[in-house]
Amino acid sequence: MTRTAVDPCTTAAPEEDPAARRTPRAGLLAAGLGIALVAALTAAVCLGSTDIAPGHVWSVVLRRLGGAAARAGTDDLIVWQLRVPRALLAALVGAGLGLVGTATQAMVRNPLADPYLLGISNGASLGAVAAIVLGVSADSLLGLGLSAAAFAGALVSFALVWCIARRGGGFSPLRLVLAGVGIGQFLSGFTSYLVLQAGDEQQTRSVLFWLMGSLGGATWSVLWLPAAAVAAGLLALQARARAMNALIMGDETAAGVGVDVTRLRRELFAVTGLLTGVLVAVSGAIGFVGLMVPHLCRLVVGGDHRRLLPLSALTGALLMVVVDLVCRTAMDSQELPVGVVTAMIGAPVLLFLLDRRMEAGA
Amino acid sequence: MTVEIEDLHVGYAGRDVVAGVRLMAAAGEIAGLVGPNGSGKSTVLRTVYRHLRPTAGRVLLAGCDLRTLTPGQTARQVAALPQERGSDFELTVREVVAMGRTPYKRAFAGEDRADRESVAGALAAVGMAGQGARRFSALSGGERQRVLLARAFAQDPDVLVLDEPTNHLDVRHQVELLALLRDRRRTTLISLHDLNAAASLCDRLHVLHGGRVVASGTPREVLTPQLLAEVFGVRAAVTAHPLTGDPLIAFDHREPLAAGGS
């Protein structure tokens, strides 16, 4: 291996250096995404059944942030009580899904893994559907009736998957996925049964709407939990970003650079499981974001988790805010469930990008 | 730094794959592990880089029991090149090599000058200087193996552990890799299938068979026709290599020995 050794591969196809520009580009990209997110949030608050001028929106928001009391007027109500919490919830849920997607893909070492693969969302769905069918009113439990039931369901499936995945040396990618899929399907069976038992059409509709995901329940009082969960999740994952880089190369590689692999996977599963539970509890099982966002980000900035985690969070937030805006405004008469739109937009975008990547010689 | 393996037992599902291995690599020595498939070579190596935990016995680094060290402390002294070689994730060559700095970094710490120099030095050492921006998944097998070795160098270890590093490489790349190990010599534990390569590279060989060490010594002492018959179940003649003088094993490729050595 002298320095003069010439590898035929390098001379025949001198590859351009896309990654050489990555570090400054990641910073620029983050700044751009941040600006886009603010713009999208503003648009989401301006647009709706009645349009409100951006200047007016910001003046209401700044006045409220300054601690001023409510001022009479429907604009104030619409902006501060309805649209701002909803836009913020969309951003939080999108950011959280971006994070859990990135972490799940590293945890099971598969760039196409979906965070819902691990069964958490199925438990949450069962909890929520049970609450709807058994007639728990949405206003009970401090207005958190459905969310509380969904989170309880998420915890049950988390506990079941944990117990199964830890057996036999534990938390290998295969065991995690098999446990997750198995428990998920098991709980889905109960959900389907309950849907069939639903008393009337209204119940069936609310169940379906919930299963497809919605941000309609946003109020200031439900925001703090996902906000805290996303912030804590980002910190916990970012602290493990280097170890996750090693993990995606393989368990032995990770062990060789001093990572306690079983412990790392256990921690990642705990963080992603709880965060997923919170997200699904407040918004339903919004599909495809957790799969698509990390993958898109990886295509642009590469696989280093120190960059990937924050960028996935930002991208997820931006995407969800835009998608929710589309859902609210696309049709005059009714609102579309966000999960429907994420799948309709997300799947073709992902396929298109994958295709281009393949042609570029992946 | 010496590595001593004392009465090592490792089992999967209640069955001992390694049953009482005892071997040693002196400081700066290249120690080769050879033996048929399933003889326990990889398993022994995995306990040294702490992918596997011994069920009994111990591994000593410079006299210090591995169990008294944290994974990070171990990784600052021992770097591994396992058989895993790849990833569907979009990592660049540079990012893969920078992984070697993991045991030196705290959470949230960025890369400092020492890290960058170490990564650049490791890439240069394996002849991949200036190629850090290439995608790891787009490299040829030989290049990949060099990059993974660079990652091990970036770890700045006293001990290198390599599990079949020449597998799937063409002859030229095999020779280059072994030359690199010889040039940048440090205490090395290496498993090799190619006995001629092992004879040329290693100071001492440890022959594993059925989870035990059945012979240890210099390649010349160990690689005898009798041992090859007993352990590998093949007929072979051992001569001196006409170019290098190393032991040269010429196998009889027409048929295995009737009873085998197993």
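Analyst: Happy to! In helix 1 of chain B, the buried residues are Lys41(B), Ser42(B), Thr43(B), Val44(B), Leu45(B), Arg46(B), Thr47(B) and Val48(B). Buried here has a count behind it: 20 or more other C-beta atoms, placed from the backbone, lie within 10 Å of the residue's own. Helices (H or I, at least four residues) and strands (E, at least two) are DSSP runs, numbered from the N terminus. This is a predicted model, where local features need pLDDT of at least 70 and side-chain atom pairs pLDDT 80 or more, while totals for chains, interfaces and linings use all residues. Residues are numbered from 1 along each chain as its sequence is written, with chains lettered from A and ligands numbered from 1 in written order.

User: What follows helix 1 of chain B?

Analyst: Arg50(B) does, and its phi is positive, near 65°.

User: How do I read a sheet, and in which order do the strands lie in chain B?

Analyst: Start with pairing: two strands pair if DSSP finds at least two bridges between them. In chain B, four strands make an open, antiparallel sheet with the order 2-1-4-5. Strand 2 (15-25) and strand 5 (64-65) of chain B are the edges, each pairing on one side only. Strand 4 (residues 56-61) of chain B is joined to strand 5 by two bridges, and Leu61(B) stands opposite Cys64(B).

User: Which strands does helix 1 of chain B touch?

Analyst: Contact means that C-beta atoms, placed from the backbone, lie within 7 Å. Helix 1 of chain B packs on the sheet and touches strand 1 (3-12), strand 2 and strand 4 of chain B, its direction making about 115° with that of strand 1. Such angles run from 0 to 180 degrees between N-to-C directions, with axes fitted to C-alpha atoms, for helices over the stretch in contact.

User: How many residues are in the largest nonpolar core?

Analyst: In soluble globular proteins, nonpolar side chains tend to be buried together. A nonpolar core is a set of buried Ala, Val, Leu, Ile, Met, Phe, Trp, Tyr and Cys residues joined through C-beta atoms within 7 Å. The largest one here has 182 residues, and Ala91(A), Val321(A) and Val97(B) have the most contacts inside it. Helix 4 (residues 74-107) of chain A gives the largest share, 17 residues. Beyond four places in sequence, Val97(B) touches residues including Val119(B), Leu123(B) and Ala154(B).

User: And how many residues of chain A are in contact with chain B?

Analyst: 36 residues of chain A are in contact with 42 of chain B. Helix 11 of chain A provides the largest share of chain A's side, six residues.

Terms used:
A residue is buried if 20 or more other C-beta atoms lie within 10 Å of its own, exposed if 12 or fewer, and partly exposed in between; C-beta atoms are placed from the backbone. Two residues are in contact if their C-beta atoms, placed from the backbone, lie within 7 Å.
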